[in-house]
Amino acid sequence: MAADRLTDREQQALRGIESVLDRDRALHRRLGLLGMRFRLPQRPAGARMLALCGLASLGLLVLGVVTTSPAAIWAFAVCWPLTVGIAFLALRRHMGAGGSRPPRSFV
């Protein structure tokens, strides 16, 4: 652990750099503005894909029931298994896949 420590000369140089940065008003203003921005949380592509497939499946189900169109029914028949498969993969990833890895959030 002794190798991780800074020498006296390096600590002095670091203090000098920090004091220069503390006096920089433009930097403080920019850093302050960055903290005030509202950002939506980023969701992985798997969650977006699951939501899109789920909405498409629901829309095709309703369309198929209302119109009894064979094309809408077949489209639902193709889209629904994809939705279930994506949901299974997302749940498996969220639960950690039974391994020793910690679970990862998919939403």
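Helices here are DSSP runs of H or I with at least four residues, strands are E runs of at least two, and both are numbered from the N terminus. What you have on screen is a predicted model, in which local features need pLDDT of at least 70, side-chain atom pairs count only at pLDDT 80 or more, and totals for chains, interfaces and linings use all residues. Residues are numbered from 1 along each chain as its sequence is written, and side-chain values use heavy atoms, with hydrogens and water left out.

The chain has four helices and zero strands. Read from the N terminus, the order is α-α-α-α.

Of the 107 residues, 9% are buried, where buried means under 20% relative accessible area, exposed means over 50%, and partly exposed is in between, with a 1.4 Å probe and protein chains only.

Take T83, in helix α4, residues 70-95. Is T83 buried or exposed? T83 is buried, because its relative accessibility is 6%. Leaving aside residues up to four places away in sequence, T83 touches L50, C53, G54 and S57; contact means heavy atoms within 4.5 Å.

Now V65, which sits in helix α3, residues 45-67. V65 counts as exposed because its relative accessible area is 60%. Together with L58, L61, V62 and V66, V65 forms a nonpolar surface patch of about 470 Å² accessible area. Patch residues have over 30% relative accessible area and no salt bridge; like charges are joined within 9 Å, nonpolar side chains (Val, Leu, Ile, Met, Phe, Trp, Tyr) within 5 Å. A salt bridge is a Lys or Arg side-chain nitrogen within 4 Å of an Asp or Glu carboxyl oxygen. Areas are from the Shrake-Rupley method with a 1.4 Å probe; for residues, only the protein chains shown count as cover.
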